[in-house]
Amino acid sequence: MQEKILIGAPVDSGQRQPGCLMGPAAYRVAGIARALQDLGHPVSDRGDVAMDPLPEVRSENPAIDQLPQTVAWTTALSRAVEAALKDGGMPITLGGDHSLALGTVAGAAKYANEQGRPLFLLWLDAHSDFHTPRTTTSGNLHGTPVAYIAGRDGFEAFPAFPAPLPAERICLFGIRSVDPAEHAALQQHDIAINDMRVLDEQGIVAPLTAFLNRVAEAGGMLHVSLDVDFLDPSIAPAVGTTVPGGTTSREAHLVMERLCDSGLVTSLDLVELNPFLDERGRTAKLMVDLVASLMGRKVFDRPTRSYS
């Protein structure tokens, strides 16, 4: 089996509520390495990435918070993920707030571009994260990664994103909180938006399968970015951006199982876990269980579905 490479990303600069920097340690304590090993996967833990030296950058938007720190994390994490992929492994980044995806997806995109393969992005999140540093009113940069990945303007302080993803290669899944500026911008892009109404009306499987078929037909690589707030806060309280109406445990496991069946996932983020807000580690344990489902844990074996 392919080696699973754990990369700690103690990133707390993308939002103002402290605690996400403890996320990597919480995943380790919750047994993520053992869960993967029990499924037969070789696992290596490369420890926590160190933030790069702070660059001298600034924004015209006075609301922007911790810009130099976030840019520094972006460059460091991009290198770490690219290196893991070059080593033939699957990087699993343990976060850390969602601004870490500015770097992790950049690293995956650089590697995919060098391999001549298209990169696709599955964004499992309550939020679209389609702000730019110019449009955000909160100033929290964890609300900007998808815009950066899609090549929107306004990221002059950041390294140029390698090979921005066309809209048809991005799927927002489980969305239920979108600011007006993001809504207006999304209407100008042909990004697949599967909000909770779509999932309620069509179910989990149909829209996910349609996206996975697109990845398979293109021979693409798939980066999955899983935010704790994709889950309903009643089952996953350890997040600072709770939005009611998220997926149930069963729905989330079904997503992971379908991803496992597809065999398409090449890199993974686990983000926005704030252990300070958790209840006896229940959110960390649930996230580890979801990773196990993605990596092959099943109740009953079934024939693998073809996505080719």
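Start with strand β7, residues 221-227, which is mostly covered: 7 of its 7 residues are buried. This is a predicted model. Met221, His223, Ser225 and Asp227 point one way. Leu222, Val224 and Leu226 point the other way. Residues on both faces of the strand are buried.

What lies beside β7? Strand β4, residues 119-124, is joined to β7 by 6 bridges, and the two run parallel. To get from β7 to β8, the chain passes through helix α9, residues 249-262. This β-α-β crossover is right-handed.

Strand β5, residues 170-175, runs parallel to β4, and 4 bridges join the two.

Turn to a pair of helices. Two packed helices are described by the angle between their axes and the distance between the axes. Helix α3 spans residues 67-86 and helix α4 spans residues 101-115. Their axes come within 7 Å and cross at roughly 40 degrees. That angle makes α3 oblique to α4, because the roughly parallel class takes angles under 35 degrees. The crossing of α3 and α4 is right-handed. Which residues meet there? On the α3 side they include Thr70, Thr74, Leu77, Ser78 and Val81, along with Glu82, Leu85 and Lys86. On the α4 side, the residues include Leu102, Gly103, Thr104, Ala106 and Gly107. Ala108, Lys110, Tyr111 and Glu114 of α4 also take part.

The loops hold some backbone details. Gly96 sits in the loop between β3 (90-95) and α4. A cis peptide bond joins Gly95 and Gly96, with omega about 15 degrees.

Another loop runs between β4 and α5, and Asp129 is found there. Asp129 has a positive phi of about 50 degrees, although it is not a glycine. Is Asp129 buried or exposed? Its relative accessibility is 6%, so Asp129 counts as buried.

Asn140 has its place in the loop between β4 and α5 (145-149). Asn140 is buried because its relative accessible area is 16%, and the cut-off for buried is under 20%. What does Asn140 touch? Leaving aside neighbours within four places in sequence, Asn140 is in contact with Gly14, Gln15 and Arg16. For orientation, take Thr75, which is 65 residues from Asn140 along the chain. The C-alpha atoms of Asn140 and Thr75 are separated by 18 Å.

Finish with Ala163, in the loop between α5 and β5. Ala163 is not a glycine, yet has a positive phi of about 50 degrees. Its relative accessibility is 35%, so Ala163 counts as partly exposed.

Methods: Residues are numbered from 1 along each chain as its sequence is written. This is a predicted model: local features need pLDDT of at least 70, side-chain atom pairs count only at pLDDT 80 or more; totals for chains, interfaces and linings use all residues. Side-chain values use heavy atoms; hydrogens and water are left out. Buried means under 20% relative accessible area, exposed over 50%, partly exposed in between (1.4 Å probe, protein chains only). Two strands pair if DSSP finds at least two bridges between them. A crossover is right-handed if, with the strands pointing away from the viewer, the path from the first strand over the helix to the second runs clockwise. Axes are lines fitted to C-alpha atoms, for helices over the stretch in contact, and angles run from 0 to 180 degrees between N-to-C directions. Angles under 35 degrees count as roughly parallel, over 145 as roughly antiparallel, 65 to 115 as roughly perpendicular and the rest as oblique. A crossing is left-handed if the near helix is turned anticlockwise from the far one by less than a right angle, and right-handed if clockwise. Contact means heavy atoms within 4.5 Å.
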